[in-house]
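Please work through each task before reading its solution.

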Amino acid sequence: MSATIARAAFRVRASAARSRAKVRTAWWQARGMQIGPGTLLPKIRAIWPHQVSLGANCRLEHDIFFKFDGIYRPGPSLLIRDRVFLGFGCEFNFRRGIEIGADCLIASGCKFIDHDHGSSRRDVPINEQTDGREAEIVLGSDVWLGANVIVLKGAQIGRGAIVAAGAVVTGSIPEYEIWGGIPARRIGTRP
Ligand SMILES: CC(C)(COP(=O)(O)OP(=O)(O)OC[C@H]1O[C@@H](n2cnc3c(N)ncnc32)[C@H](O)[C@@H]1OP(=O)(O)O)[C@@H](O)C(=O)NCCC(=O)NCCS
């Protein structure tokens, strides 16, 4: 295939993909998801779409799971601000609330879980205990999470911080610091 034909085929495919994404985005909006201008959705999954708010000009890769893990209540409880990138296979598993600041880069496979199962009694299976703790997760703007980072209940990550690939974040990370490991600890500071 000549380069000209390959380029034309690429343009046709890209245009068709964009049209499909526009239809998909309108469908999720009709189901209650708030989606800012310039944000187009690839194939995603969402339980209770009205719990999800996506800002303007966000870029999402496919197979992201927005899982509101509670009974129906008004939303949104997941706020993703403008120009956020969400990589392939990220999961937002939330009951209380999660906020992702503007311009954050969330690499593939990251997970955010803002609640635990209850486990205070031994005579009742964990899956029947309802006293699990939950606390909001908040990321400031311009945070970069490397691949497969897990962010747990109550985590607060300051503006401009970097979290190394594979870390588990359980507490607070100050602005512009670099953290990594399990549980995440400070491994550096940005210039
Ligand atoms: C956090 C990161 C940016 C740091 O990169 P860097 O500045 O080049 O850091 P270095 O490789 O020099 O490592 C600095 C220290 O952090 C440690 N470190 C680096 N990555 C780590 C990780 N993922 N987990 C735990 N510790 C890590 C190093 O072992 C080193 O420790 P030492 O000083 O005791 O030897 C990089 O390691 C990283 O995780 N990048 C994420 C890449 C990614 O997932 N991209 C997805 C596409 S957006």
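**Exercise 1.** How many bridges join S8 to strand S11 (residues 111-113), and do the two run parallel or antiparallel?

*Solution.* The structure is a predicted model. Step 1: strands of a sheet pair through backbone hydrogen bonds, in either a parallel or an antiparallel sense. Step 2: between S8 and S11 there are three bridges, and the two strands run parallel. Step 3: within this pair, phenylalanine 92 lies opposite phenylalanine 112 of S11.

**Exercise 2.** Determine with which strands S5 pairs, and name residues that stand opposite each other.

*Solution.* Step 1: S5 pairs with strand S2 (residues 44-47) in the parallel sense, over four bridges. Here isoleucine 47 stands opposite lysine 67 of S5. Step 2: S5 also pairs with strand S8 (residues 91-94), again in the parallel sense and over four bridges. In this pairing, phenylalanine 66 has phenylalanine 92 of S8 as its bridge partner, and phenylalanine 65 stands opposite glutamate 91.

**Exercise 3.** Assign the residues of S5 and S8 to the covered and uncovered faces.

*Solution.* Step 1: in strand S5 (residues 64-68), the covered face consists of Ile64, Phe66 and Phe68, while Phe65 and Lys67 form the uncovered face. Step 2: in S8, Phe92 and Phe94 lie on the covered face, whereas Glu91 and Asn93 lie on the uncovered one. Phenylalanine 66 and its bridge partner phenylalanine 92 belong to the covered faces of S5 and S8 respectively.

**Exercise 4.** Describe the open sheet of seven strands and identify its edges.

*Solution.* Step 1: the strand order is S4-S7-S10-S13-S16-S19-S20, and the pairing is mixed. Step 2: strand S4 (59-60) and strand S20 (185-189) are the edge strands, because each pairs on one side only. Step 3: inside this order, strand S10 (residues 105-106) and strand S13 (residues 144-145) pair in the parallel sense over two bridges. Isoleucine 106 stands opposite leucine 145 of S13.

**Exercise 5.** Locate glutamate 175 and explain why it is classed as partly exposed.

*Solution.* Step 1: glutamate 175 sits in the loop between strand S18 (172-173) and strand S19 (177-180). Step 2: glutamate 175 has 14 other C-beta atoms within 10 Å. Step 3: apart from neighbours within four places in sequence, glutamate 175 is in contact with Gly140, Gly158, Arg159, Gly160 and Ala161. Step 4: the C-alpha atoms of glutamate 175 and arginine 190 are separated by 9.3 Å, and the two residues are 15 residues apart along the chain.

Note on methods:
Residues numbered from 1 in each chain as written. Predicted model: local features only at pLDDT ≥ 70, side-chain atom pairs only at ≥ 80, totals over all residues. Buried ≥ 20, exposed ≤ 12 C-beta atoms within 10 Å, placed from the backbone. Contact = placed C-beta atoms within 7 Å.
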